[in-house]
Amino acid sequence: MPRLPDHADAPAAAATPDGESRAARRRMVGALVLVCVIAVLVTAGLAIYLSSAQVAELMWLVATVAALVPATAWVLSDLLKRRYGADLLALVALVGAVVVGEYFAGALIALMVATGQVLEAYAGRRAGRDLSALLRRAPAQAHRRRRDGIETIAATAISPGDLVVVLPGETVPVDGVLSTAGVFDESALTGESVPVVRRANTEVRSGVVNAGTAVDIRAAATVEASTYAGIVTLARQAAAAAAPTVRLADRVAVWFLPLALAVAGAAWLFTGDPVRAVAVVVTATPCPLLLAVPVAITAGMSRTARAGVVVKDGAALETLGQARCLAMDKTGTVTVGRPEVLDIVTAPGVRAEQVLRQAAAVEEFSPHVLARAVVAAAAERGIERAVAQGVSEEPGQGASGTVEGREVRVGRLPAQAQPAPWALAAMRRARLDLAAVVWVCVDQQPMAALMVRDRIRVDAERTMRRLRSAGLRRLLMLTGDRVDNAAEVAHLLGLTEVVADADPADKIAAIGAERHNGVTVMVGDGVNDAPALAAADVGVALGSRGSTAAVQAADAVIVDDRIDRLADAVEIAQRSHRLAVQSATAGMAMSLAAMIAAAFGLLMPAAGALLQEGIDVAVILNALRALRVHRGRPTAAIEPLVTRFAREHGRLRAARASVRQAADALSSGPGPTADAAVRRAFELLVDDILPHEHAEESELYPALTGYLRDPEAMVTMSREHTEIERLIRRIGRHLDDAPQGIRADQIDDLRATLYGLDAVLTLHFAQEDEALFTLAPSVDNPVPSSA
């Protein structure tokens, strides 16, 4: 009948990693000492019972008193706080055993109390060690590079713009951008055991460990404003919090104790045998409820931490396991959170690479989010940057400068410009694709339209399917974006409802309405999501790029940039809740049955104590199953391949875009411009796309077939490879037939072939992104350098 720790009165030291671990060690050591002393006394008494029964009875009495003293202290502490529970039952059982002379039963009850303490201390220490590990990783010191060398300073002294040196084995103290490439162990945040290679000019988050040589990081925020600060705050709260069902268990004990005493009294009254009353009290314990629930919930918190989600407390995890409605923000939650250049439409005779090179030169130093998208697109396509001079920016209109002697303007279409037919077509396409347009004008003439859009995360659709399978009936999107954009994303993800053009008040109202339909979860990442996160039953923030306000308002934080961690957390929470209820229900049923048997004289106190000890051990071990990781097949062997090909998908966007551009160029009929566009597309298809598809067929797909243990698993994807190559060869035959230029009689078939190839490539790449590349760790995305 072990005593549960009082989280509300935990010492202040427990709020810190070292204090928490010291307190846990003290509890463990104290429980081990107590159980050893009592076990020795019980065993010694059994050994000498036949030769000296009186000495054996004395040893058992001492063992009983050894547990009686701490049990009395626990009960007095509870009574002073005007509460009582299972500890009072333990005290009554121990006193009753001594009064009626059942010293052996008393010793067994004492052993039950002591072993329960050990089990509970072990469970709590094991379940909390992942959260403690997060706390210990917060660095206290950092190294700042100065002109005259490197100085060691307090991590809190780092300011944005400082050049921070992270030595091998050290934890990155602040969010920033890598000045040099590096290798990082992100397992504490993401659960991925394979070190991740980050390239120069990519973002790196605080809390990851440098697993390679020393690297320089340009700080983007202070320690307090970095990703890890909010996570540490949640972890500290998680280390000291208790599940709500623990409080429910205390309430159950309030009625269970009088019931047990009433049954014990009735057994004594009707039989006149006080031993029966003691037997009832010994077996009448709500320990299964008091132990199984908190152990299962705390173990579930440990599992979510290892899965990349830090949950603030047991209440949040238990509520998450009962969720039936999910509301989510759009931008940065189900989308990647930053616009990307998806396609380039150019004026006739203009090459996309040249225009993008000029635009990136002008936008290189602009802080605007669309400017970063333009620079990133040029870097992704491997375009060497030009140098812009005399760059100026007009708010709301765009930036302009001189590049290689020509005036280049990037931004809105000038008001006085008369759109040419190609520009009108680009506007129409942008409306259909729900994309923004960044216009590039050279010498005051529109030359290209950059189609920019925030794309959906590759793991978003699979996550929504998993959440529906987990029993979430309603999936809502609450966003401040336009209705058409929000509706398009919601349709692609299969969401139930959309609330667009929503401000924070609208989101709170929507959350309030949904809470009438069941437990509601809100997922977001921005400052405007913080009120809705606080209003929901469970708020979940994306910690990687989420605002500090969102992280602080949330009940749980996804510590890396993968929305599929949400489905992991829901599944873990449901399993933990299921095991808690299962263990508690089975344990209480067995305890009640033992009570009735004892009342009818079928169980003596000693036998009842042994039986109750077995029930306690069984329910605790069952609850600890929440710690078990249901491991799929190991992915270490295929992760390097999957990561390699996932990165290649990003680099192949230019080649894929050239197919659509070539088809569009044929709209005006044959001519040098159309011929050049088609031949350029064919060159990229042969040089880039086909080698990628062949490598997938010979390297990636065989590895995945072995991993999936299904020889037919990749047949559909392989068939798509065959169709892609067939269409490319068809284009090549067209070009072989027209060495002097594409003829009018080839236009219709070439356009159909190119548009068909574009559709197949789009579908094929999307299938691979969702079905295969989610097996790999998150692939880093380049951040344009601003210095």
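Modeller: Start with H21 and H23: these two are roughly antiparallel to each other. That label goes with angles over 145 degrees, while under 35 counts as roughly parallel, 65 to 115 as roughly perpendicular and the rest as oblique. Before we go on, this is a predicted model, where local features need pLDDT of at least 70 and side-chain atom pairs count only at pLDDT 80 or more, though totals for chains, interfaces and linings use all residues. Residues are numbered from 1 along each chain as its sequence is written, and side-chain values use heavy atoms, with hydrogens and water left out.

The names come from DSSP: helices are H or I runs of at least four residues and strands are E runs of at least two, numbered from the N terminus. Two packed helices are described by the angle between their axes and the distance between the axes. Here, axes are lines fitted to C-alpha atoms (for helices, over the stretch in contact), and angles run from 0 to 180 degrees between N-to-C directions.

So what are the numbers for our pair? H21 covers residues 639-651, and its axis comes within 10 Å of the H23 axis, crossing at roughly 150 degrees. The crossing is left-handed, which is the word used if the near helix is turned anticlockwise from the far one by less than a right angle (clockwise would be right-handed). On the H21 side, Leu641, Val642, Arg644, Phe645, Glu648 and His649 make the contact; on the H23 side, the partners are His692, Ala695, Glu696, Glu699, Leu700, Ala703 and Leu704. By contact I mean heavy atoms within 4.5 Å. Sorted by class, this contact has seven nonpolar, two polar and four charged residues. In this scheme Ala, Val, Leu, Ile, Met, Phe, Trp, Tyr, Cys and Pro are nonpolar, Asp, Glu, Lys and Arg are charged, and the others, Gly among them, are polar.

Now follow H23 to another partner. H23 (residues 672-708) also packs with H25, at an angle of about 35 degrees and with the axes 13 Å apart. This crossing, too, is left-handed. From H23 come Val678, Leu685, Ile689, His692, Glu693, Glu696 and Tyr701. They meet Leu750, Leu754, Leu757, Leu761, His764, Phe765 and Glu768 of H25. The tally for this contact is nine nonpolar, two polar and three charged residues.

H25 leads us on to H22. The axes of H22 (residues 653-665) and H25 (residues 747-771) come within 9 Å and cross at roughly 155 degrees, so H22 and H25 are roughly antiparallel to each other. H22 passes H25 in a left-handed crossing. H22 brings Arg656, Val659, Arg660, Ala662, Ala663 and Asp664 to the contact, and H25 answers with Arg751, Leu754, Tyr755, Leu757, Asp758, Leu761, Thr762 and Phe765. Those residues split into eight nonpolar, one polar and five charged.

If you'd like a contrast, glance at a sheet elsewhere in the chain. Six strands form an open sheet in the order E12-E17-E16-E15-E14-E13, with antiparallel pairing; strands count as paired if DSSP finds at least two bridges between them. E12 (340-346) and E13 (388-394) stand at the edges with a single partner strand each, so one side of each is left without a neighbour in the sheet. From one strand to the next, the twist averages 20 degrees. E12 is joined to E17 (residues 445-453) by six bridges, and these two run antiparallel. Thr346 stands opposite Ala448 in E17. A helix turns up here as well: H13 (residues 421-433) lies across E12, E16 (436-442) and E17, running at about 10 degrees to E17.
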